[in-house]
Amino acid sequence: MAGFRANHGILPHRYGRTEHLELYGKKAYRIGSQAFAPHNHMMNTGFQLPDGFLLLPGYFDRPAQEDLLYRVRKAVQAAPLYRPVMPRTGKPLSVRMSNFGPLGWITSKEGYRYAPHHPRTNKPWPPLPDCLAVLWDDVANWPDPPQACLINYYDEKARLGLHVDADEKAANAPIVSVSLGDQALFRLGGPRRNDPTRSLRLFSGDVVVLGGAARHCYHGVDRIYPNTSTLLSKGGRINLTMRVVGRNI
Ligand SMILES: O=C(O)CCC(=O)C(=O)O
């Protein structure tokens, strides 16, 4: 198996609304209202970006976001968003979920796992849209296709606590994530829960890759910024995360 490419950082992309500028005398990128100098800025804040972390700002332009949103809407007609519960406590998550692909990530009182069927309808999950398969081939640098794509819907109050995705046998395969709709405050830490963290805003159309060392780093979503995108008519944010699960299906 090929390893994840060694580069990391925050990169401009061919579709980007990224503006090049200078920050601390170094090359940097403006992403929406925020400016990043990929390496030095992180060092100034005492945070070194983990190897294998990539932010591709504005990877999907508006028409591509609308097309992807149409596919998400079709999928959730067949496989409705539902509010899963935490293992043991049975406490509902604030994020609502569904999946694309042969497998879907689910959580219930029994624990976290991947399953071929929607837990409420008992039907197979809808297939992964071609544009996501193309994205995977473009950025994942991994020989196997994704087997699951979790669809997270955040309303303005939803959050996702710091966690590491660790239910995959293919523990080193990258996770590729797409943001649609309202902006989110994404937090990235290190391999230990109490490692220092760095927050960055994710915009509609942005793609994040957690590969290499970043694949094993804690991350989460601290808040959604309401009314910061016109993509979803009722507001909120959709995040799609593609994963290789690593077992036969
Ligand atoms: O919504 C996001 O940007 C992150 C999602 C995530 O961490 C996950 O689904 O495990």
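**Strand pairing and the ligand shell**

Tutor: Strand β5 and strand β14 (residues 207-210) run antiparallel and are joined by 4 bridges. Strands are DSSP runs of E of at least two residues, numbered from the N terminus, and two strands pair if DSSP finds at least two bridges between them. The model is predicted: local features need pLDDT of at least 70, side-chain atom pairs count only at pLDDT 80 or more, and totals for chains, interfaces and linings use all residues. Residues are numbered from 1 along each chain as its sequence is written.

Student: Which residue stands opposite V209 in β14?

Tutor: That residue is L54.

Student: And the ligand: which residues surround it?

Tutor: The surrounding residues are L150, N152, L160, D165, S177, A184, F186, L202, H219, V221, N239 and T241, each with its C-beta atom, placed from the backbone, within 6 Å of the ligand.

Student: Which strands each supply at least two residues of that shell?

Tutor: They are β9 (148-154), β12 (183-188), β15 (219-225) and β16 (237-243).

Student: How do β12 and β15 pair?

Tutor: They run antiparallel, with 6 bridges between them, and A184 stands opposite I224 in β15.

Student: What is the strand order in the open sheet?

Tutor: The order of the 4 strands is β10-β15-β12-β13, with antiparallel pairing. β10 (160-163) and β13 (198-202) are at the edges with a single partner strand each, so one side of each has no neighbour in the sheet.
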